[in-house]
Amino acid sequence: MKLFSQNNQLMTEGSIPRHLIRFAIPLLIGNFLQQSYQLVDMVIVGRCIGDGGISIAAVGVGTSFLGMMIGLFMGLSTGAGIVISRAYGAGRTKRVKHSIQVALLLAAAVAVLITITSITSCDWILTLLHTTDDIFDLASLYLKIYALGFVPQLVYNMGTSVLQALGNSTSPLTFLAVTCVLNVILDLAFMGALHLGVGGAAAATVLSQCAAMVLVLRKIHQSDVMQVPGERILEGRGLTESRWILLTIIRYGVPIAIQQLTMSFSNMILQGHINLLGTGAIAAWSILGKIDGFILLPVSSFSMAVTTFTGQNYGAGRLDRIYEGKRYVTFMSVGTTVLLSTVCLLLCEPIVHVFDGSEAIMAMTKEMAWFMLPFYFTLALIRIYTGLFNGLGRPLLGSVTMILCMCFIRVAVVSAAFPLLHSAMAIYIAYYASWFSCMILLMLEYRLIIRKQILEGK
């Protein structure tokens, strides 16, 4: 039986570049749409509210906290994707169906816990981040409303991981396009017409995520794979299978989740140091975050492509194709990242002006961009290697390296440099140290461990 016959892509045969590009392009477009509506959020907040960057800072100050909550879950989504892509590559249709059911139930349960944790702890987190008094209440309101949308958002993310694990990156793109349009309409209605402020921005996102969840669940429910007969997941042999699937998802997903959690925690610490530089610096850092979101679009897309490609070929025993796939995707990811970084640097001033017309914020954002963007090629390489490790079922190898570099080294460097410099330069140095150390270690691990495994077919 063909799974998702109208959209899926089996990557174990045929042209490797064609498979990678065909899979990555919908992801790239989808990520572009997602970044676009997040950018529109920020533009509408800055232009409709017009309070000199205060609302932009209030929305941006909690980004690292939200990233930590979402990143904690995304590890489990990746773990589920590994299990499903392997089963699909091996042609085990019943296990594919069973894995999807377990993954969606896990998503709902974890999402409820994350929602409760976020709402009850956000004020404490904002205090820990040294959030300035002029934006504290607005930032708290935004975070609490946004957190109410974690259940639909995380279930949607898991559903998207399910579809992508089967090579279907087209349907998530369609759903995301609908969500983006809805989000913009609700932004304009809530902030432009009804003047609901940053609370309206958060509410628009929550409602849009609800729509996305409904669409992705409907797609999965109507798919061929869900019609495959099999045991109930909580009865008899089905329960035994469910336990195995759940433990395997956790085994693959927890190292990635811990990696995402620690990285987000380190970013929160750096955000706290940015906050000490004042509201203008917070606004500038938030705007830069929207700009670099576009630059890193190929990184996310090609990383997911290499994970799915590797997982399917590993499940099918086609390890020879994995090595070639890594070479192609590295060239594509690094090349597009360098190109987009260059374009954003050249057009930095008009881009920033779209968000805010303040000369002070403009100057700070341009400075941050020139110190940060030229080195984003390191992130492209890091994500390709970790995506490859994940697809091979070796997430712990990449996760330990990411935790060491992106958390411990980054926090140690900023903690030492900031008291001496008391400027954004300490932040830049911390990022340089973490990026280059992580890139070098991952390349060594690939050369000494993973490449040998692939070439020898072990």
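Buried means under 20% relative accessible area, exposed means over 50%, and partly exposed lies in between, using a 1.4 Å probe and protein chains only. Keep that scale at hand for the tour. The model is predicted, so local features need pLDDT of at least 70 and side-chain atom pairs count only at pLDDT 80 or more, while totals for chains, interfaces and linings use all residues. Residues are numbered from 1 along each chain as its sequence is written, and side-chain values use heavy atoms, with hydrogens and water left out.

**Stop 1: an aromatic pair**

Select Y376 and W435. Both are buried. Rings of Phe, Tyr and Trp (its six-membered ring) pair if their centres lie within 6.5 Å; planes under 30 degrees apart are stacked, over 60 edge-to-face, and the rest tilted. By this rule the model has 10 aromatic pairs. How are the rings of Y376 and W435 set against each other? Their centres are 5.5 Å apart and their planes stand at 85 degrees, so the pair is edge-to-face.

Y376 sits in the loop between α14 (359-372) and α15 (377-391), and W435 sits in helix α17 (residues 424-456). The pair links distant parts of the chain, 59 residues apart. Helices here are DSSP runs (H or I, at least four residues), and strands are runs of E (at least two), numbered from the N terminus.

Together with Y376 and W435 they form one aromatic cluster.

**Stop 2**

Select Y385 and Y446. Y385 counts as buried, at 7% relative accessibility. Y446 is buried too, with a relative accessible area of 4%. These two tyrosines form a tilted aromatic pair, 5.4 Å centre to centre with 55 degrees between the planes. Y385 belongs to helix α15 and Y446 to helix α17, 61 residues apart, so this pair also links distant parts of the chain.

K326 lies over the face of Y446, at 4.5 Å from the ring centre. The rule for a charge over a ring asks for NZ of Lys or CZ of Arg within 6 Å of the ring centre and within 35 degrees of the ring normal.

**Stop 3: two cysteines**

Select C405 and C438. A disulfide is a pair of cysteine sulfur atoms within 2.5 Å. By this rule the count is 0 disulfides. C405 is in no disulfide, and its nearest cysteine sulfur, that of C438, is 4.6 Å away. C405 counts as buried at 0% relative accessibility. C438 also counts as buried, at 0%.

**Stop 4**

Go to H422, in the loop between α16 (395-421) and α17. Most residues other than glycine have a negative phi. Phi of H422 is near 45 degrees, a positive value in a residue other than glycine.

**Stop 5: the largest pocket**

Select F32, F294, I295, L340 and C344. Of the 15 residues that line the largest pocket, these lie nearest its centre. On a 1 Å grid over the protein atoms alone, a cavity is a set of points where a 1.4 Å probe fits but cannot get out; a pocket is an open set with protein on both sides within 12 Å along at least five of seven lines, and lining residues have an atom within 4 Å of a point.

How much space lies in the largest pocket? About 270 Å³. Grid points are joined across faces, edges and corners, and the volume is the space filled by probe spheres set on the points.

Colour the helices next. α1 (16-49), α10 (279-295), α11 (297-315) and α12 (319-346) each supply at least two residues of the lining. α12 gives the most, with 5 residues. The lining divides into 13 nonpolar residues, 1 polar and 1 charged. Here Ala, Val, Leu, Ile, Met, Phe, Trp, Tyr, Cys and Pro count as nonpolar, Asp, Glu, Lys and Arg as charged, and the others, Gly among them, as polar.

**Stop 6: contacts across the sequence**

Select S303, in helix α11. S303 counts as buried, at 5% relative accessibility.
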